[in-house]
Amino acid sequence: KRPAVVVTPSNAKYNWADQIKEHTYMKCQVLSGRVPYPITESIVIINYDILTFKKKKGEKKKDWLSELIKIKPYVIVPDESHYLKTRTAQRTKACLKLSRKAKCFIPMSGTPIINRPIELFNAIKLINPNLFPNYWEYAKRYCNAIHTGFGWNMKGASHMEELHSILSRSIMIRRKKSEVLKDLPEKVRSFVPMEIINRSEYTAASY
């Protein structure tokens with residue numbers, strides 16, 4: 001199912017590449033920098049920061065979001081998908097735009113809800129927009145939405161067992177550590193290469 005685009009925090013890009021190399025026969029391409037260049041592989045790994053980087057108004061430069069849309073991704077995999085919790089955030093808007101014509105959207109997170117159930121709505125909407133088609137109805141039912149007189153407060157939680165049941169029956173695959181611990185390897189320590197965009201400052205600080 002390709003082309004596939006993995007969107008991840010920058011410090012996990014090369015770990016994704018290593019795991020793909022170790023566990024599959026497929027090649028992948030790690031994108032870096034804000035200036036796009038040719039995409040040559042059918043699996044692409046990009047970090048949220050450069051995916052959401054926007055050219056200034058009037059500039060004719062290309063951007064990664066536009067270039068990735070051109071390859072017509074079949075699969076979008078947002079790693080640490082709780083990054084998409086805010087509806088108005090640029091990273092959420094970018095992933096929404098990128099995934100509009102994708103056949104598969106597979107968000108992954110160890111903490112899909114950091115504080116409250118409203119943070120899960122964007123991921124649900126991207127996976128299956130028909131599951132909870134109305135934002136306000138979801139907020140009223142599962143976020144204990146209350147109008148304070150100044151606006152809506154959606155920081156609460158309500159009917160959590162019902163929400164969990166619906167998600168488990170439909171779109172969510174959850175694995176607790178206790179369930180998979182016997183299948184996990186021993187702890188592995190590895191070196192993870194990272195991009196340095198301020199080499200001169202890094203070098204000066206090392207002296």
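This is a predicted model: local features need pLDDT of at least 70, side-chain atom pairs count only at pLDDT 80 or more; totals for chains, interfaces and linings use all residues.
**View 1. β3 pairs with β1 and with β2.** Strand β1, residues 4-8, runs parallel to β3, and five bridges join the two. V5 stands opposite V44 of β3. T8 stands opposite N47 of β3. Strand β2, residues 29-30, is also parallel to β3 and is joined to β3 by two bridges. Here V30 has I45 as its bridge partner in β3.

**View 2. Five strands make an open, parallel sheet.** Strands of a sheet pair through backbone hydrogen bonds, either parallel or antiparallel. The order here is β2-β3-β1-β4-β5, and the pairing is parallel. Which strands stand at the edges? They are β2 and β5, the latter covering residues 104-105. Each has a single partner strand, so one side of each is left without a neighbour in the sheet.

**View 3. The largest nonpolar core holds 19 residues.** V5, V7, L31, I46, L51, L68 and L98 touch the most other members. Which elements give two or more residues to this core? They are strands β1 and β3, together with α2 (48-51), α3 (64-70) and α4 (90-99). A second, separate core has 15 residues, among them I118, F132, Y138 and C143.

**View 4. V5 has contacts beyond its neighbours in sequence.** This close-up leaves aside residues within four places of V5 along the chain. V5 and L98 are both among the core members that touch the most others.

**View 5. T52 sits in the loop between α2 and α3.** A polar atom of the T52 side chain lies 3.2 Å from the backbone oxygen of D49. Which residues does T52 contact, leaving aside its neighbours within four places in sequence? They are Q90, R91 and A94.

**View 6. Seven aromatic residues form one cluster.** The members are F121, F132, Y135, W136, Y138, Y142 and W152. The structure as a whole holds nine aromatic pairs. The ring centres of F132 and Y138 are 5.2 Å apart. Their planes stand at 65°, so this pair is edge-to-face. Are F132 and Y138 buried or exposed? F132 is buried, at 11% relative accessibility. Y138 is also buried, at 1%.

**View 7. W136 and W152 form a tilted pair.** Their ring centres are 6.0 Å apart, and their planes meet at 55°, so the pair counts as tilted. W136 lies in helix α6, residues 135-142, and W152 lies in strand β7, residues 152-153. The pair therefore ties together parts that are 16 residues apart in sequence. W136 is partly exposed, with a relative accessible area of 42%. W152 is partly exposed too, at 44%.

**View 8. A charge sits over the ring of Y135.** The charged end of R87 is 3.7 Å from the centre of that ring. Y135 is one of the residues in the aromatic cluster.

**View 9. N128 lies in the loop between α5 and α6.** Helix α5 covers residues 121-127. N128 is partly exposed, at 25% relative accessibility. A polar atom of the N128 side chain lies 3.0 Å from the backbone nitrogen of N130. How far apart are the C-alpha atoms of N128 and C104? They are separated by 9.9 Å, and the two residues are 24 apart along the chain.

**View 10. The whole chain puts the close-ups in context.** The chain has nine helices and seven strands. Its C-alpha atoms fill a box of roughly 55 × 55 × 45 Å, taken along the principal axes. Of its 207 residues, 32% are buried. Among contacts between residues at least 6 apart in sequence, 59% join residues at least 24 apart.

Technical notes: Residues are numbered from 1 along each chain as its sequence is written. Side-chain values use heavy atoms; hydrogens and water are left out. Two strands pair if DSSP finds at least two bridges between them. Helices (H or I, at least four residues) and strands (E, at least two) are DSSP runs, numbered from the N terminus. Rings of Phe, Tyr and Trp (its six-membered ring) pair if their centres lie within 6.5 Å; planes under 30 degrees apart count as stacked, over 60 as edge-to-face and the rest as tilted. Buried means under 20% relative accessible area, exposed over 50%, partly exposed in between (1.4 Å probe, protein chains only). A charge sits over a ring if NZ of Lys or CZ of Arg is within 6 Å of the ring centre and within 35 degrees of the ring normal. A nonpolar core is a set of buried Ala, Val, Leu, Ile, Met, Phe, Trp, Tyr and Cys residues joined through side-chain atoms within 4.5 Å. Contact means heavy atoms within 4.5 Å. A polar contact is a pair of N or O atoms within 3.5 Å; within protein, one must be able to donate a hydrogen and the other to accept it, and residues adjacent in sequence count only if both atoms are side-chain atoms.
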